[in-house]
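Please view the sequence and the structure below before reading on.

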Amino acid sequence: MKKLFFVAFCFSFAIFAVLTSLFVVLYFRLFPHRAIFVYPLSFVFGFLLGILFYLVLTKFMK
Amino acid sequence: MKILRILSFTLIFIITVFLVLGNIFYNNLRKYLDRDYLSLELSDEILLGFEKASRSNADFLLYVTTDKKIYRKFEKIIVVAKLLRKADKSTVENGKIEVIFYKSSGEILKNIDGKNSIVLLYDKSAGVWKGVFFPLDFYYKGSVKLEVIGYPDTPESSLSVSYNFFIESAEPSCRIDKGMSFLGIYSLERVSKRNIVSLNGKEVDWNYLPEWLSILSFDGVLMLSGVTKSFEEDVSLTSPWDRNKVTESDLLAEKTVQRGKKFAGWIKALKVEGTYLKKIGYKPALIFDGNSFSEDSSTISMLDENRKKSLARLFSSFMQNKNYSFVGFSDIFLPKNTGVELYEEFLKDLQIPVLPQWDKLSGEEKLRFFLDKLKDKDFLFTFENWKKYYMASYLREIINEGGHSKAIFYFLNYSELKEFPELLKLIFDCGIDFVVVNFNESFLELIKNLDSIKNSDLNEFADRVIFSYNLDFKNLDVENYDVAAIENYFATYLLYIKEMSRKYNVAGFVINDLYNAMSGKRGPYSPLDWMYGLGRIVFEFKNINAQFPFLFYYYFPFEIQYDKEYKFFVRFENVSTFTLKDVNIDILDSEGNYFVKGFTLQEIPQGKVKEASFPVVISKKSEIFIKKKQILGIRLTWDEKTDKGNFKKSYLIFHTFRVASETN
């Protein structure tokens, strides 16, 4: 499994990036004049994704 | 751990699905996020005024304009913007536009809801964003920089564009002469049906009114001319005014002008006499009492188009009547908590979200929604501020329709000014040239209020203020104070005229009113006692304003015994550019009987002083009422030769005295 960790990490990173981009785009589409809040919200969103992906990635660390 | 892993997989999956679907169907999501608003109507003119101020970045174009370039204070500012894609010039329908207003100092000019900016709303049919701005700083005048920030619906930086406009205060279109003195006729009843007392103490009809103007040297009459009497049978939507009152105003105006005097008539705009306005067909104004609302049965709603039209028609007819020198209004400005029925206009102007399917709701449901909001103090504050803008636009509309070929005045009660301290500025910014400020307070209260008058707006606008004080014995008589009510009335006028202006430049005064002096409110004093008092006010006021051809001084004791002879000393100084001829002095009692008739100085040459004295014996008259002081009338008449011919001029002033006991 350890050998797959690097692949899983890269794969997770890609999904992480896509999801964050989708979040930012959706946010702008829904709340264009509240753009100022996109930075803290993206941070919160990324933190949440990080926790979720940590749980997934730990499977490949053994 | 395994469960947590499954859970996190599931959550990642759900988030992914939500984000993908959200990005595909975001327009549908927006429907839930954007609330319902009432649409603002725009004129075509404003939509053609674009292209003036625009800014673009790589992908978008932003345009902005306002409905005017120069605004008056208390005038709403309509802002319209467009956000286009550069490539195909299509509108970015899902974008948002926010507008911030800056004073010339760089400070933010807040909206009446206390917010630093307004968010424009998209109008799909016109393809523009629109919004209304109401400056919270009512007194600000000068340049305003408007910064429009467009937020496209893509993760790109916003783009902004600036635009400038001006807020100015209105200058009076017509000025009135300084030092005007008016005799007020505020009677709701027809003047032609009421008798008055003549100078010789006899009861006469209203034809004698112009004679009184000449005797007391008033400059004109200020009369309540337009009234709606809701209790009368023949009042209707097409003919709401008391026609008899309008006709007699026109007649009195003609007679007044024939005497070389001025006539000012005013209209009671939204208040009716009696409580049957619904019977006439008018919409009543609604009052908010903290929880629910009630109808004000004597105030017509500003939404009533019929009233607005008939008001404009009557105003216009007075404006066109050559005998009217000034035309005015009263009762347009609603007190606090009144005018709740204007809620739809308010929600539209302030772009406040409303309940879904607003148009399908009943009037009761809409009002209930609004009343719930009014319970919030900030919301109520915003509504009251917005009302000032609405009332100003109402008054402006009537003035625009009726024309402005002569000076327009507004009749204001001081209590209204206390409630809305900014009212005076508001009135002047609507195009009103001068105001009549009427005081109803007691004499003692007015003396206490003197300091607040000194520091009020009245002082700033003194040269556009006509002072009026309600003649009412119970307000003027002070217990345990040995001064006649007439003296207090006279003193109030002089004190207020002095204190209301730093430069003694009050535009004038009006007596409120002739019929208070002639009947009900005169106390133990006779109508003639009061008329002598009113004459003294005119005399002193003209003296202050140097409108006399001569300076007049006299001496007569303030304490006298009946049937004893006293000397009456007079001193005239001719300060005019001509010779005064036949200067005559009469001394009269409270009933118009002469103690001295026709003491005459044949001639007082220009620049000369003449002194004289003559004997006077005051005899006792049977008095029904107990007066604190006795009153004498001193009448001065003289011939004045001008380019237009010879005129008989006159002044009538009072002298008060106490009766000394014979043992003294």
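The sections below treat a residue, a sheet and a helix pair in turn.

## Basis of the report

The structure described here is a predicted model.

## Surroundings of Ala264(B)

Ala264(B) lies in strand S14 of chain B, which covers residues 262-268. Because 30 C-beta neighbours fall inside 10 Å, Ala264(B) counts as buried.

Apart from neighbours within four places in sequence, the contacts of Ala264(B) include Gly220(B), Val221(B), Leu222(B) and Met223(B). Phe182(B), Ser325(B), Phe326(B), Gly328(B) and Phe409(B) are also in contact with Ala264(B). Ala407(B) stands 143 residues from Ala264(B) along the chain, and their C-alpha atoms are separated by 9.5 Å.

## A sheet in chain B

In chain B, three strands in the order S22-S24-S27 form an open sheet with antiparallel pairing. Its edge strands, each pairing on one side only, are S22 (550-555) and S27 (609-617). On average, neighbouring strands of this sheet are turned by 20° against each other, direction ignored.

Six bridges join S22(B) to S24(B), residues 565-574, in the antiparallel sense. Phe550(B) is placed opposite Asn574(B) of S24(B).

Helix H2 of chain A (residues 38-57) packs against helix H1 of chain B (residues 2-24) at an angle of about 130°, with the axes 9 Å apart. The angle therefore makes H2(A) oblique to H1(B). The crossing of these two helices, H2(A) and H1(B), is left-handed.

From H2(A), Leu52(A), Leu55(A) and Val56(A) meet Leu4(B), Arg5(B), Ser8(B), Phe9(B), Leu11(B) and Ile12(B) of H1(B). The residues of this contact comprise seven nonpolar, one polar and one charged.

Key:
Residues are numbered from 1 along each chain as its sequence is written. Chains are lettered from A and ligands numbered from 1 in the order in which they are written. This is a predicted model: local features need pLDDT of at least 70, side-chain atom pairs count only at pLDDT 80 or more; totals for chains, interfaces and linings use all residues. Helices (H or I, at least four residues) and strands (E, at least two) are DSSP runs, numbered from the N terminus. A residue is buried if 20 or more other C-beta atoms lie within 10 Å of its own, exposed if 12 or fewer, and partly exposed in between; C-beta atoms are placed from the backbone. Two residues are in contact if their C-beta atoms, placed from the backbone, lie within 7 Å. Two strands pair if DSSP finds at least two bridges between them. Axes are lines fitted to C-alpha atoms, for helices over the stretch in contact, and angles run from 0 to 180 degrees between N-to-C directions. Angles under 35 degrees count as roughly parallel, over 145 as roughly antiparallel, 65 to 115 as roughly perpendicular and the rest as oblique. A crossing is left-handed if the near helix is turned anticlockwise from the far one by less than a right angle, and right-handed if clockwise. Ala, Val, Leu, Ile, Met, Phe, Trp, Tyr, Cys and Pro count as nonpolar, Asp, Glu, Lys and Arg as charged, and the others, Gly among them, as polar.
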